[in-house]
Amino acid sequence: MTRPLRADISLSAIAHNYALAKRTAPQSKVFAVVKANAYGHGLTRVARVLKDADGFATLELDSAIQLRKLGVESPILMLEGFFGEEEINIFANYNLTTSIRDVEAAKQLADADIQAPLDVFLKFNTGMNRLGISGPMSGFAIGLAATHKNFGKVTLMTHFATADGVQGVAWQMKRFEEIVKSAKSALAKKGFTQSVANSAALLRFQKTHLDWVRPGIMLYGSSPFAERSAEDIGLKAVMTLRSEIIGVQTLEKGDVVGYGASYIAQKKMRVGIVACGYADGYPRHAPGTNERGTPVVVSGKRTRTIGRVSMDMLVVDLTDIPHAKVGAPVCLWGEGLPADEVATAAGTVAYELFCALAPRVPVVEVE
Ligand SMILES: *Cc1c(COP(=O)(O)O)cnc(C)c1O
């Protein structure tokens with residue numbers, strides 16, 4: 001027998017979620033965002049399912065090269081562009097589309113010795129203040145992109161900070177539209193396209209769809225919104241983290257559980273030990289105090305975690321699931337228990353849960 005923990009990855013759910021993105025933005029081309037090993041789901045696996053996607057967006061150069069080696073011929077957008085001028089030749093060799101994240105990058109591309117131009121996404125900072133060319137310098141970058149031989153097709157791009165929240169996108173769209181307006185004459189001859197939407201904007205604001213949308217999290221079946229569930233949106237969970245009960249303890253009133261004795265039994269109760277811990281990617285901060293637990297499903301019944309998550313194990317309440325013995329199936333998140341709910345309980349987002357799935361967890365592809 002092997003350790004029972006595994007992550008099931010539903011291939012049909014990936015296809016379903018991508019199709020939903022396409023249907024929601026029918027006039028736009030859809031990049032499948034596959035950075036961070038496809039948000040922990042496996043780059044090659046996701047690329048195989050989405051081989052007919054309009055394009056892929058990633059961040060890591062090795063994953064872009066891997067996509068080309070898998071036979072991907074559609075555009076591959078490098079979301080943060082090149083890191084240092086020495087990467088520009090590699091971008092050119094693999095025909096990668098580069099984001100231009102600051103004026104320095106625009107100058108480096110202009111100075112590069114490449115045979116064919118690179119298609120570029122000029123990324124503008126419209127308020128998130130992370131990466132992006134800021135307003136005063138936008139004219140310079142646009143001018144280079146319009147005229148320099150190293151710049152191929154041009155897309156104007158920005159990224160939203162609050163597409164999922166009450167502030168929405170209007171405040172950033174206004175700034176973006178000003179940049180677009182100022183670019184119109186410089187790029188009149190060459191032409192340009194636009195790309196702004198992540199999952200949240202795609203699902204919520206039709207006017208953000210434009211030419212290219214860039215959904216990530218929704219492809220993996222998770223909701224970008226705190227107040228709207230994935231199921232309500234019509235998304236299907238892709239990753240289901242499953243394990244089993246590998247031990248059972250009966251506690252008397254006053255007994256404690258786990259490191260730090262952070263849970264104290266208030267009455268006689270049964271608890272189950274689950275083969276899954278923080279070394280598998282389960283968040284250590286998932287609460288298991290007397291006041292607050294983290295949801296978990298055992299034998300199809302919802303219960304909660306108890307005590308601190310340890311490296312290889314966590315503990316669940318079996319008091320109301322008397323038939324659950326050693327070997328009982330446990331769902332940590334996924335089908336039947338949205339990762340979003342587990343993430344919320346643990347004070348994080350499903351993005352982080354997925355990305356943290358540890359290499360030691362075997363992955364099983366299911367249809
Ligand atoms: C990661 C990323 C996305 C995808 O965001 P989701 O919230 O996962 O849909 C889109 N655009 C950029 C620039 C990104 O870095």
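## Basis and overall architecture

Helices (H or I, at least four residues) and strands (E, at least two) are DSSP runs, numbered from the N terminus. The model is a predicted one, in which local features need pLDDT of at least 70 and side-chain atom pairs count only at pLDDT 80 or more, whereas totals for chains, interfaces and linings use all residues. Residues are numbered from 1 along each chain as its sequence is written, and side-chain values use heavy atoms, with hydrogens and water left out.

The chain has 12 helices and 18 strands, and its C-alpha atoms fill a box of roughly 80 × 40 × 35 Å along the principal axes. Of the 367 residues, 54% are buried, where buried means under 20% relative accessible area, exposed means over 50%, and partly exposed lies in between (1.4 Å probe, protein chains only). With contact defined as heavy atoms within 4.5 Å, residues 24 or more positions apart account for 64% of the contacts that have a separation of 6 or more.

## Surface and charge

The accessible surface of the chain comes to about 16600 Å², and carbon and sulfur atoms hold 52% of that area; the areas come from the Shrake-Rupley method with a 1.4 Å probe, and for residues only the protein chains shown count as cover. There are 41 positive and 36 negative side chains, with the centres of the two sets 3 Å apart. In this count Lys and Arg are positive and Asp and Glu negative, while His and the chain ends are not counted, and the place of a charge is NZ of Lys, CZ of Arg, CG of Asp or CD of Glu.

## Cavity and pocket

Rolling a probe the size of a water molecule over the atoms shows where empty space is left. On a 1 Å grid over the protein atoms alone, a cavity is a set of points where a 1.4 Å probe fits but cannot get out, and a pocket is an open set with protein on both sides within 12 Å along at least five of seven lines; lining residues have an atom within 4 Å of a point. Grid points are joined across faces, edges and corners, and a volume is the space filled by probe spheres set on the points. The search of the whole structure finds 1 cavity of 30 Å³ or more; the largest cavity has a volume of about 60 Å³, and its lining includes Lys123, Phe124, Asn125, Thr158 and His159.

The largest pocket has a volume of about 830 Å³. Of the 40 residues that line this pocket, Asp164, Asn198, Ile217, Pro224 and Tyr351 are the closest to its centre. Helices H2, H9 (199-204), H11 (339-345) and H12 (350-355) each supply at least two lining residues, and the largest share, 4 residues, comes from H11.

In helix H7 (residues 135-147), the buried residues are Ser138, Ala141, Ile142, Leu144, Ala145 and Ala146. Their cover includes helix H6 (103-111), strand E6 (118-123), strand E7 (151-157) and helix H8 (170-183). An α-helix has 3.6 residues a turn, so residues three or four places apart point the same way.

Helix H6 has Val103, Ala105, Ala106, Gln108, Leu109 and Ala110 as buried residues, and H7 is among the elements that cover them, together with helix H5 (88-93), strand E5 (97-100), E6 and E7.

## Individual residues

Tyr39 has a phi of about 50° and lies in helix H2 (residues 35-39), where it counts as buried at 7% relative accessibility. Ala261, with phi near 50°, sits in the loop between strand E11 (256-257) and strand E12 (263-264) and is partly exposed, with a relative accessible area of 32%.Ala15, in helix H1 (residues 11-24), is partly exposed at 35% relative accessibility; beyond residues up to four places away in sequence, Ala15 touches Val49 and Leu50, and its C-alpha atom is separated by 8.9 Å from that of Val46, 31 residues apart along the chain. Lys207 is placed in the loop between H9 and strand E9 (212-213) and is partly exposed at 47%. Leaving aside neighbours within four places in sequence, Lys207 is in contact with Val169 and Met173. Lys51, in the loop between helix H3 (43-49) and strand E3 (55-58), is exposed, with a relative accessible area of 58%, and lies 10.0 Å from Ala32, C-alpha to C-alpha, at 19 residues apart in sequence.
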